[in-house]
Amino acid sequence: MPESLPTEPVIPRSVRRVALVMAMEVEAAPLRTALDPTAIDLPGWAAGLPARLAVAPATGRRPEVLLAVNGVDPVSGVACVGTTAAALTTQVVLNLDDRPRPELVLSVGTAGGWVRAGARIGDTFLAWPHFSCHDRRIPLPGFQALGDGDLPAADLRSHAAPLGCRLGIVTTGDSLDESPTDRVRILENGGEVKEMEAAAVAWVCHLHGVPVGAVKSITDLVDSPVATPEQFTDNLAAASASLRRTTMALLERLSGATT
Ligand code: SAH
């Protein structure tokens with residue numbers, strides 16, 4: 001873990017409000033069905049963003065859940081994957097005019113893993129101990145720390161074994177492939193979970209002092225001979241179903257209903 005990271009705020013023992021920030025509606029669909037949340041409008045100051053918000057009230061077994069999905073880009077017509085939309089959605093989630101802030105934000109989605117790190121398709125990871133960025137190279141004095149984007153993750157370790165999750169460093173970049181320079185950086189940063197949003201969600205949460213974690217389901221193995229897009233497409237539905245199972249069980253545990 002890099003030295004001199006800020007301290008991660010502690011998660012309350014019984015969490016009352018959680019926000020799930022997700023990139024693609026396909027990933028979110030099973031969770032949307034399970035939570036059956038009610039759509040809410042974006043605040044006026046965020047008008048124009050494609051993000052989609054919905055709230056599921058607390059029940060005896062889970063906290064209130066704010067489900068936020070980045071939405072569809074009006075130019076390309078596809079889901080807004082990547083860090084820009086993730087950061088904007090997170091800023092909205094943390095600053096809704098008439099709602100108290102979530103006590104925990106989770107970046108939930110699919111990700112790549114590595115055979116070399118023992119990952120298998122369908123594995124689910126909780127981010128630990130930190131988030132990192134692998135495609136921001138800024139070799140100017142002091143700026144590489146900004147580029148690396150290392151920020152601590154909320155301590156969800158006690159939930160990993162009961163949920164059948166692994167723990168790992170989540171490394172974020174704005175590309176689906178792994179360029180040779182990304183590969184070098186990832187070997188250095190110890191990344192085990194490769195995706196395109198979590199470090200951006202974490203950055204905004206840290207600006208606001210809100211604990212942030214991640215639940216990531218492996219759709220593809222970066223160092224497999226099969227092309228990543230092919231693996232991703234083949235495994236997306238199964239991974240999204242596994243995200244629903246793991247996230248629903250984690251929510252129950254966070255509310256204190258299960259220990
Ligand atoms: N080809 C896909 C595009 C999805 S982009 C499609 O047409 O639907 C990949 C999304 O899944 C991002 O939100 C990212 O966070 C995640 N992801 C899954 N596997 C990844 C990998 N190997 N590298 C980077 N992001 C990955």
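In the predicted model, an oxygen atom of the ligand lies 2.9 Å from a polar backbone atom of Met-196, a polar contact being a pair of N or O atoms within 3.5 Å. A nitrogen atom of the ligand is 3.3 Å from a polar backbone atom of Leu-176. On the side-chain side, a polar atom of Asp-220 is 2.6 Å from a nitrogen atom of the ligand. The ligand taken alone exposes 560 Å², of which the protein buries 81% (Shrake-Rupley method, 1.4 Å probe).

The shell around the ligand holds 17 residues, and those that come nearest are Thr-110, Lys-194, Met-196, Glu-197 and Asp-220; a residue is near if one of its heavy atoms lies within 4 Å. Seven residues of the shell are nonpolar, five polar and five charged, with Gly counted among the polar ones. Two or more residues each come from β5 (104–113), β9 (193–195), β10 (212–221) and α7 (228–254). Of these, β5 gives the most, with three residues. Helices (H or I, at least four residues) and strands (E, at least two) are DSSP runs, numbered from the N terminus.

Helix α1 (residues 25–35) has Glu-27, Ala-28, Pro-30, Leu-31, Arg-32 and Leu-35 as its buried residues (under 20% relative accessible area, 1.4 Å probe, protein chains only). These residues pack against β1 (17–22), β3 (52–56), β4 (64–69), β5 and α7, with contact meaning heavy atoms within 4.5 Å. After α1 comes Asp-36, with a positive phi near 50°.

Residues are numbered from 1 along each chain as its sequence is written, and side-chain values use heavy atoms, without hydrogens and water. Local features need pLDDT of at least 70 and side-chain atom pairs count only at pLDDT 80 or more, whereas totals for chains, interfaces and linings use all residues.

Notes
Polar contact = N/O pair within 3.5 Å; in protein donor to acceptor, adjacent residues only side chain to side chain. Buried < 20%, exposed > 50% of the residue type's maximum accessible area, 1.4 Å probe, protein only.
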